[in-house]
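Please look over the structure below. The report that follows takes its local features in turn.

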Amino acid sequence: MVVRTYQQEKAFIEQVSPVQYVVKKGFVPGMHVDGTFYVNNRLRDLLFDELQQHVRRGEHGGFLPAVKQLANVAALPGIVKRSIALPDVHAGYGFAIGNVAAFDMNDPKAVVSPGGVGFDINCGVRLVRTNLMEKDVVDVKEQMAQTLFDHIPVGVGSMGIIPTTSRDLESALEMGMEWSLREGYAWAEDKEHCEEYGRMLSADPSKVSSRAKKRGLPQMGTLGAGNHYAEIQVVDQIFDEKAASKMGIDQLGQVCVMIHSGSRGLGHQVATDALTSMEKAMARDGIETNDRQLACARIHSEEGRNYLASMSCAANYAWVNRSSMTFLCRQAFAKLFKSTPDDLDMHVIYDVSHNIAKVEEHLVDGQLTKLLVHRKGSTRAFPPHHPLIPVDYQFTGQPVLIGGTMGTCSYVLTGTEKGFKETFGSTCHGAGRARSRNNSRNRLDYQDVLDDLKFKGISIRVASPKLVMEEAPESYKDVTEVVDTCHQAGISKKCVKLRPIAVVKG
């Protein structure tokens, strides 16, 4: 193994614009394509400091730095164009969180990697608008937070209140939001405003292990823990009035609800099961990677097909989960404001996925090519006129929901043509961690974080006190810096800024 100094490592990284860098072949062994990452000057230092610390300590301890992970993905068989990292990128399992990579479906050696999707399959965000204004809710913020906390089960191991049998689960895994609609937990128009219309057609419940189903059965309609939340927000700034009006956002101070959750224990088990089977497939097929966490299989192998079928089931589960929590949220608001969800105009603006792999068509070397696009900690951001986005948004581009951290703002962006060409129609997904969870627990004070939220006028309900430190704004990058970088790079466009007034967390 070649040991290089920090300056020698940096020599492989070239700045090509104020917010874009290229990682050239040779940075790690076997790169088929270059890597690229988007950061401004403030975010850049986090990545380079991480690389410098890695050089100092050698190959010992912790995840590889994100820029190394980005390059290792560029060495996977069948990858095309570039391995891409968005501004919120940080080290993860195998792939960095914030990494996008696409693999040629027509290349028999091309692979699918669970590390490129993540353990929380289809962790994503949904935004629901209302016709309430901040002045209507300012005196009942505490009641709003408590009502949401009472209606939506939260925390590690939380149990759902949506009645679900084993037969229901099988149907939900196959049908996604079609099941929610059939059972009365969703409105017909909800799935029109959802990525993939809330259903991955390639789902096959027979490929999901009994262990995964056992974990998922009691958790339908639950928020979970970690960085998941249900947040009551108000419109703080509108950057693109035309696009915002198409979303039903037309006034500053308008109240919205953002729900961030995924596939819970079921998705985690699907990923774990796949990693085990793919390690065997790699040995059989002679697949070598730079990092054992990049376990993978040929896309068209039995292991590859089984993973995509089970991953699709987990994605469908996540959409059903967010739909169930939307139902509970609508019930909570109707009860508190003595109205109906319809009269409160509680329509879904959009629902986006963060951790998913999907078959899409993109131009590669001037040819329209069928690709398997892995998006881990990144969001699809398709441009205006793309056939896979709703009719409502054909002229504005797909809404892209960027969740902030507890106590900071969130954003709605729209997809762009430049992003479609450069990043396979992908952009950031949130702030991205700047501190580890352990570091946050050790360095931040529980009461200080709560006092800061109170000072900002934010009501909070949290199931686990340690999460207050883990999810404090200081634990994350500045989401505004992340969003501004994407906007400056032209890979997505700012539309709306949202400010939290009440937060519910696991």
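## A charged patch

Asp-445, Asp-448, Asp-451 and Glu-474 form a negative surface patch. The model is predicted. Glu-474 sits in the loop between helix H16 (465-470) and helix H17 (479-489). Glu-474 is partly exposed, at 40% relative accessible area.

## An enclosed helix

Helix H3 covers residues 66-73, and eight of its eight residues are buried, so the rest of the structure largely encloses it.

Gly-304 belongs to helix H12 (residues 302-337). Its relative accessible area is 0%, so Gly-304 is buried. Beyond residues up to four places away in sequence, Gly-304 touches Val-112, Met-278, Ala-297, Arg-298 and Ile-299. Gly-304 and Val-112 are 192 residues apart along the chain, yet their C-alpha atoms are separated by 6.2 Å.

Tyr-229 lies in strand E8 (residues 229-238). Tyr-229 is buried, with a relative accessible area of 3%. Neighbours within four places in sequence aside, its contacts are Leu-223, Met-258, Ile-259, His-260, Gly-403, Gly-404, Ser-410, Val-504 and Lys-505. Tyr-446 is 217 residues from Tyr-229 in sequence, and the two are 18 Å apart in space, C-alpha to C-alpha.

Asn-122 is not a glycine, but its phi is positive, at about 55 degrees. Asn-122 is in the loop between strand E6 (111-112) and strand E7 (124-133). Asn-122 counts as buried, at 0% relative accessibility.

His-385 also has a positive phi, near 75 degrees, in a residue other than glycine. The loop between strand E14 (379-380) and strand E15 (399-402) holds His-385. Is His-385 buried or exposed? His-385 is exposed, because its relative accessible area is 53% and the exposed class begins over 50%.

## Salt bridges

How many salt bridges does the count come to? The count comes to 28 salt bridges. One of them pairs Glu-192 with Lys-191, with the closest N and O atoms 3.5 Å apart. Glu-192 is partly exposed at 35% relative accessibility, whereas Lys-191 is buried at 15%.

Lys-358 and Glu-196 meet through their side chains in a salt bridge of 3.1 Å, N to O. Lys-358 lies in strand E12 (residues 356-364) and Glu-196 in the loop between helix H8 (188-192) and helix H9 (210-216), so the pair ties together parts 162 residues apart in sequence. Lys-358 is buried, with 3% relative accessible area. Glu-196 is partly exposed, with 25%.

## A pair and a network

Glu-279 forms a salt bridge with Arg-292, and the closest N and O atoms are 3.8 Å apart. This pair links distant parts of the chain, 13 residues apart. Glu-279 is in helix H11 (residues 264-285), and Arg-292 is in the loop between H11 and strand E10 (297-298). Glu-279 counts as partly exposed at 39% relative accessibility. Arg-292 counts as exposed at 65%.

Elsewhere, salt bridges with shared partners join Glu-134, Asp-236, Lys-497 and Arg-499 into one network.

Notes. Residues are numbered from 1 along each chain as its sequence is written. This is a predicted model: local features need pLDDT of at least 70, side-chain atom pairs count only at pLDDT 80 or more; totals for chains, interfaces and linings use all residues. Side-chain values use heavy atoms; hydrogens and water are left out. Buried means under 20% relative accessible area, exposed over 50%, partly exposed in between (1.4 Å probe, protein chains only). Helices (H or I, at least four residues) and strands (E, at least two) are DSSP runs, numbered from the N terminus. Patches are made of residues with over 30% relative accessible area and no salt bridge: like charges are joined within 9 Å, nonpolar side chains (Val, Leu, Ile, Met, Phe, Trp, Tyr) within 5 Å. Accessible areas come from the Shrake-Rupley method with a 1.4 Å probe; for residues, only the protein chains shown count as cover. A salt bridge is a side-chain nitrogen of Lys or Arg within 4 Å of a carboxyl oxygen of Asp or Glu. Lys and Arg count as positive and Asp and Glu as negative; His and the chain ends are not counted. The place of a charge is taken as NZ of Lys, CZ of Arg, CG of Asp or CD of Glu. Contact means heavy atoms within 4.5 Å.
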